[in-house]
Amino acid sequence: MKYLAFATAIMALASANPGQAGSEAISSSYTSTAPKACRMIGKPNEEDGSATRVCPGKSGLVVLISEGDLREVVSVGRNREAAAREPAAQAWSGPFSSSGDTVEWRAAGSEPFAIIQRWLIADNSEQDKRGGPVSRAMLAVTRLPPGEVCHVAYVDVAANPNANELARQAADEFARDFKCGADQVKTIGQSGRTTSLTQR
């Protein structure tokens with residue numbers, strides 16, 4: 001039912017804003033946030049292993065990744081300082097978390113307006129073979145400037161076989177008009193254990 005409601009919302013938005021959806025071709029391109037592709041800022045903290053790195057993005061934007069206490073945040077800006085001031089740079093999760101090394105950039109024409117990343121969220125309710133928490137995957141959609149940078153939508157990968165498609169639809173339809181701090185992050189498609197772990 002939630003998927004049907006989402007599909008209905010997508011159709012309604014497309015018909016209400018045909019210019020936004022159809023005036024420019026929307027496409028995806030990709031960059032890497034693997035440590036070898038990025039510049040480390042300082043040295044990792046000896047006490048908790050926290051570290052920060054800056055990675056090249058698209059259209060003059062950079063991706064800032066900060067890690068502390070086995071949790072990561074990812075932000076985007078024209079430079080490291082700008083990215084660090086965005087709401088996304090403060091979006092620490094409760095459970096341990098880490099982001100994937102690939103960033104998908106959604107762009108209208110040549111202007112990116114959202115990124116999509118795969119995240120692994122630790123689920124302390126179940127242990128893996130090594131005795132640590134099981135990692136569960138989700139996709140996070142993040143809006144880009146102009147305007148603030150923040151999470152827009154989450155898609156539970158295990159609960160949605162078409163998770164990538166759902167994340168792209170959410171980026172295309174919701175990211176540009178999303179108001180950080182006022183609008184609530186949307187759970188897209190079927191809810192699952194991963195998306196429930198991200199709820200505060």
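**View 1. The disulfide between C150 and C180 in this predicted model.** The sulfur atoms of C150 and C180 lie 2.0 Å apart and form a disulfide. The torsion about this S-S bond is -85 degrees, and the link of C150 and C180 is left-handed. The pair ties together distant parts of the chain, since C150 sits in the loop between β8 (133-143) and β9 (151-156), while C180 belongs to the loop between α4 (163-174) and β10 (186-188), with 30 residues separating the two. Both of these cysteines, C150 and C180, are buried.

**View 2. The disulfide between C38 and C55.** A disulfide is a covalent bond between the sulfur atoms of two cysteines. Here C38 is joined to C55, with a distance of 2.0 Å from S to S. The torsion about the S-S bond of C38 and C55 is about 100 degrees, and therefore this disulfide is right-handed. Distant parts of the chain are linked by this pair as well, with C38 in the loop between β1 (26-32) and β2 (39-41), and C55, 17 residues away, in strand β3 (residues 51-56). C38 and C55 are both buried. The structure holds 2 disulfides, and when the bonded cysteines of the chain are numbered in sequence order, their pairing reads 1-2, 3-4.

**View 3. Helix α4 and its buried residues.** This helix has 12 residues and reaches 16 Å from its first C-alpha to its last, which is close to the 16 Å expected at 1.5 Å a residue. An α-helix has 3.6 residues a turn, so residues three or four places apart point the same way. In α4 the buried residues are A163, L166, A167, A170, A171, D172, E173 and F174, a list that a reader can trace along the helix in the structure.

**View 4. The second largest pocket and the residues that line it.** This pocket holds about 180 Å³ of space. The residues lining the second largest pocket are S59, L61, R78, E111, P112, F113, R143, L144, P145, P146, A175 and R176. Strand β7 (residues 111-127) gives the largest share of this lining, with 3 residues. Sorted by class, the lining of the second largest pocket is made up of 7 nonpolar, 1 polar and 4 charged residues.

Conventions
Residues numbered from 1 in each chain as written. Predicted model: local features only at pLDDT ≥ 70, side-chain atom pairs only at ≥ 80, totals over all residues. Heavy atoms only, no water. Disulfide = S-S within 2.5 Å. Helix = DSSP H or I, 4+ residues; strand = E, 2+ residues; numbered from the N terminus. Buried < 20%, exposed > 50% of the residue type's maximum accessible area, 1.4 Å probe, protein only. 1 Å grid on protein atoms, 1.4 Å probe; cavity = no way out; pocket = protein on both sides within 12 Å on 5 of 7 lines; lining within 4 Å. Points joined across faces, edges and corners; volume = space filled by probe spheres on them. Nonpolar A, V, L, I, M, F, W, Y, C, P; charged D, E, K, R; others polar. Expected span 1.5 Å × (residues − 1).
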